[in-house]
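This briefing covers a predicted model. The topics are the fold and surface of one chain, followed by the confidence of the prediction in another.

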Amino acid sequence: MRPVPSNPNPSTGGTKSAPPSRRGAETGTQTLAFGNGRSYGDSCLSTSDRVLHTRGLDHVLAVDWSTGVIRAEAGMTLGELIALSLPRGWFPAVTPGTQFVTLGGAVANDVHGKNHHRQGSFGDHVLALGLYRSETGHHELRDPNDELLRATIGGLGLTGLIDSVELQLRRVPGMLMESHTQRFGSLGRFLALSRELDAVHEYVVGWVDCLAGACATGRGLLHAGDHSAGGKTRNRPNTARVRVPFTPPISMIRGWNVRWFNALVYHRPRRTRASRWQPLQRFLYPLDHIGDWNRLYGPAGLLQLQCVVPEQEAERALSELLGRVRRAGTGSTLAVLKRFGDHWSRGLVGFPRPGVTLALDFPRRATSDRLIRDLNALVHEAGGRLYPAKDATMTGEQFRAGYPAWERLEALRDPALLSRFWQRVMT
Amino acid sequence: MTTRALILGSTSAIAGAMARELAAEGADLTLVARNPQRNRMVADDLRARGAATVREIVADLGDPASHQAVLAEAMQGAGGIDLTLLAYGVLPTQERCETDINRLLEQFRVNATSAMALLARLAPLMAARGGGQIGVLSSVAGDRGRRSNYAYGAAKAALTTFGAGLGARYQGDGVTVTVIRLGFVRSPMTEGLTLPSPLMSSPEAVAPAILKAIRRGLPTAYIPRRWWLVMSILRHLPEGLFRKLDL
């Protein structure tokens with residue numbers, strides 16, 4: 001569900017920006033920054049119809065192409081940054097599954113990628129932040145022990161308007177990735193295999209067929225990739241995009257076609273270990289080349305669930321979870337599994353933590369609404385937590401149990417800012 | 001060969017998008033704007049994006065007294081100018097121009113009078129150095145007097161006609177003048193206006209087309225191109241019928 005802000009109050013950059021005002025807090029019309037709207041639920045939605053649209057803040061403020069340190073305004077997207085940096089041999093150390101997130105959004109959600117086990121999450125590579133708060137004006141946050149910095153990373157935009165981000169990029173040898181794909185027949189096998197591959201590869205991610213029948217439950221494909229200096233490919237980076245031109249009247253994603261599609265995908269790799277080169281954008285951003293892909297879910301849209309459960313609970317809890325999804329029959333083609341590294345988010349309410357993460361999405365209907373609440377409870381019981389950037393359904397109790405430092409974020413929240421997500425989980 | 005470009009009104013959105021296109025080619029850029037902090041921010045961004053050199057000049061181009069010094073500094077700094085983009089202007093509220101005569105004349109001064117003065121100085125300077133290309137950002141608003149924006153339209157009409165004539169005058173000297181008739185572009189200038197969204201474009205979308213038109217040395221261009229059709233029809237409607245459209 002791509003939220004559309006109504007009545008946006010744009011910050012069009014520099015002296016024309018409209019920063020959060022104290023008056024907003026007093027009159028109860030709190031606002032929130034809005035970047036590129038890739039959060040799935042309500043974590044990026046303001047409670048009022050006042051929104052600080054940050055896409056006008058897209059300037060590079062300073063960059064040193066010899067050290068890979070770049071400071072840019074927070075409204076620039078990762079894709080725009082990569083367009084500048086990749087030809088010069090630099091790439092973000094951590095990138096989520098889409099390049100269409102703003103730098104501010106990446107910080108506010110402490111996004112993670114397929115290389116969490118090596119590089120941690122986005123906040124780990126942030127050297128400094130520029131933050132504007134309604135009561136105290138502009139702050140330069142650089143000290144890693146500064147609680148305001150730790151509150152802002154993963155802080156869902158609630159501590160203030162993030163206006164600039166200073167990042168350490170990493171060197172990459174070329175524009176291509178060498179990747180290979182392997183099948184696994186069960187969740188247990190996935191866990192063993194990913195432990196093996198994590199030690200050797202930069203990017204490791206699993207796709208699981210969540211509708212496969214009883215004896216095939218938990219089967220899927222494991223993709224591993226590394227930046228490559230050489231290699232050749234005929235594929236182009238997915239800059240030429242097709243677009244879903246309109247929202248069909250009903251969801252195109254239905255149980256029967258998902259089962260069929262998943263079976264095709266599972267059997268597609270020709271050998272058990274098939275290796276090839278591809279533009280890194282194809283590996284890292286699989287959906288970015290389909291514009292407005294969310295329209296395929298029809299007018300009701302989709303719900304996403306992404307959770308992380310501790311390692312020792314992972315096999316049991318995720319098997320149970322996948323089992324319930326299979327029995328409900330309302331599946332998604334997107335079911336992504338990854339083992340996180342032994343590394344906690346720097347952010348007070350940052351999502352990434354050691355354990356195994358699973359992301360699923362469902363076309364939205366009554367059955368899937370019930371199912372997702374069921375699954376939220378299951379995650380909660382297993383001692384795991386849910387990802388606010390994807391969430392539209394978790395309860396306040398589940399949130400507070402998953403993120404015990406929430407009180408410190410609430411204490412540091414800028415009174416002029418409030419999101420619907422925060423309003424929901426604070427009750 | 002590195003393009004040496006002069007951007008007049010560099011802190012505006014469309015000029016900014018065009019400057020980014022030029023920076024990506026490694027051009028030598030001279031930026032002229034009123035606000036030094038904003039101009040610095042734009043300049044730093046362009047340097048990061050690959051501009052060979054970026055020079056910043058602070059001036060109020062709405063005041064013709066500033067022109068001689070600005071052009072001299074620009075010419076000297078870059079050693080000559082290959083491409084000039086005239087992109088500064090103000091969009092006044094039509095209602096205000098109807099009641100406040102000073103505002104009416106002020107916007108005409110900035111948008112038309114000062115621009116004509118600047119172009120009149122610039123063209124011979126570029127001709128003396130062997131030629132070059134000038135792009136003038138005008139508007140479809142200048143094509144016909146419309147009830148909703150005739151103050152601005154008049155200024156743009158003056159600019160369009162002057163630019164066309166100037167181009168005719170200097171074509172023999174190797175200077176081309178391209179009058180860009182822009183449609184509605186979403187930018188800080190048009191912020192807050194209710195404009196029909198199918199007709200809206202963005203600075204990033206129009207910038208490459210503008211640059212291409214200037215480089216081809218076209219005398220005029222409607223950008224985006226669909227405006228050529230829209231205006232061809234609107235321009236030829238009898239006045240009575242045009243007024244009924246209440247545009």
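Chain B contains nine helices and seven strands. The radius of gyration of chain B is 17 Å, close to the 18 Å that the globule rule gives for 247 residues, so chain B is as compact as a globular protein of that length.

**Dimensions and packing of chain B**
- Taken along the principal axes, the box filled by the C-alpha atoms of chain B is roughly 55 × 40 × 35 Å.
- Of the 247 residues in chain B, 52% are buried.
- When contacts in chain B between residues at least 6 apart in sequence are considered, 71% of them join residues at least 24 apart.

**Surface and charge of chain B**
- Chain B carries 28 positive and 20 negative side chains, with the centres of the two sets lying 5 Å apart.

**Confidence in chain A**
- Chain A has a mean pLDDT of 87, and 89% of its residues reach 70 or more.
- Among the elements of chain A, the lowest mean pLDDT, 48, belongs to helix H1 (residues 22–27) of chain A, whereas the highest, 98, belongs to helix H3 (residues 103–108) of chain A.
- The pLDDT is below 50 over residues 1–25 of chain A, although this stretch has 69 contacts in the model beyond near neighbours in sequence.
- Where pLDDT is low, predicted coordinates should not be read in detail.

Conventions
Residues are numbered from 1 along each chain as its sequence is written. Chains are lettered from A and ligands numbered from 1 in the order in which they are written. This is a predicted model: local features need pLDDT of at least 70, side-chain atom pairs count only at pLDDT 80 or more; totals for chains, interfaces and linings use all residues. Side-chain values use heavy atoms; hydrogens and water are left out. Helices (H or I, at least four residues) and strands (E, at least two) are DSSP runs, numbered from the N terminus. The radius of gyration is taken over C-alpha atoms; the globule rule is 2.2 Å times the number of residues to the power 0.38. Buried means under 20% relative accessible area, exposed over 50%, partly exposed in between (1.4 Å probe, protein chains only). Contact means heavy atoms within 4.5 Å. Lys and Arg count as positive and Asp and Glu as negative; His and the chain ends are not counted. The place of a charge is taken as NZ of Lys, CZ of Arg, CG of Asp or CD of Glu. pLDDT is the predictor's confidence in each residue, from 0 to 100.
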